[in-house]
Amino acid sequence: EIVGLIDRDLSEPYSIFTYRYFIYNWPQHTHMAMHEGKVAGVIVCKLDRHRDYNRGYIAMLAVDTKLRGKGIGSCLISKAIR
C-alpha cells in the first residue's frame, strides 16, 4: 500500500531501494497516517549526529491526493520532529 501511495502521489518517486535504505536504518523515523483502514500518508526520515548536534532529514512525505488539505502532512511532520 505504501508503494502504491508513493507511485501515485509523490512528486519525485525514487527507487524503492532508496526508501528501504531509510526505513531499514531509521525505522523509528518512519510514520504512517491511516484513514478508514488504508494508508493516507507516510513520512520517511533520518536523524544523524553532525558535529555537536543532531541533524534531521525528510527523505519523503506523501499524502493521498484525495485526502490533502486535511492536515495529514502537517501531522506527520510534527510527529517526525518530536
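Which residues form a nonpolar patch on the surface? In this predicted model, the answer is I58, L61, I77 and I81. Together, these four have about 350 Å² of accessible area.

As for where the patch comes from, two elements each supply at least two of its residues: strand 3, residues 53–63, and helix 3, residues 72–81. Let me take one member, L61. L61 sits in strand 3. Its relative accessibility is 32%. Buried means under 20% and exposed means over 50%, with partly exposed in between, so L61 counts as partly exposed.

Next, I16. This residue belongs to helix 2, which runs over residues 16–25. I16 has a relative accessible area of 29%, so I16 is also in the partly exposed class. In sequence, I16 and V3 are 13 residues apart. In space, the C-alpha to C-alpha distance between I16 and V3 is 7.6 Å.

Last, H29. Is H29 buried or exposed? H29 is buried, because its relative accessible area is 16%, and the cut-off for buried is under 20%. What does H29 touch, leaving out residues up to four places away in sequence? The contacts are I43, V44, C45, K46 and L47.

Terms used. Residues numbered from 1 in each chain as written. Predicted model: local features only at pLDDT ≥ 70, side-chain atom pairs only at ≥ 80, totals over all residues. Heavy atoms only, no water. Helix = DSSP H or I, 4+ residues; strand = E, 2+ residues; numbered from the N terminus. Buried < 20%, exposed > 50% of the residue type's maximum accessible area, 1.4 Å probe, protein only. Contact = heavy atoms within 4.5 Å. Patch = residues over 30% accessible without salt bridge, like charges linked within 9 Å, V, L, I, M, F, W, Y side chains within 5 Å. Areas by Shrake-Rupley, 256 points an atom, 1.4 Å probe, with all protein chains shown as cover. Salt bridge = Lys/Arg side-chain N within 4 Å of Asp/Glu carboxyl O.
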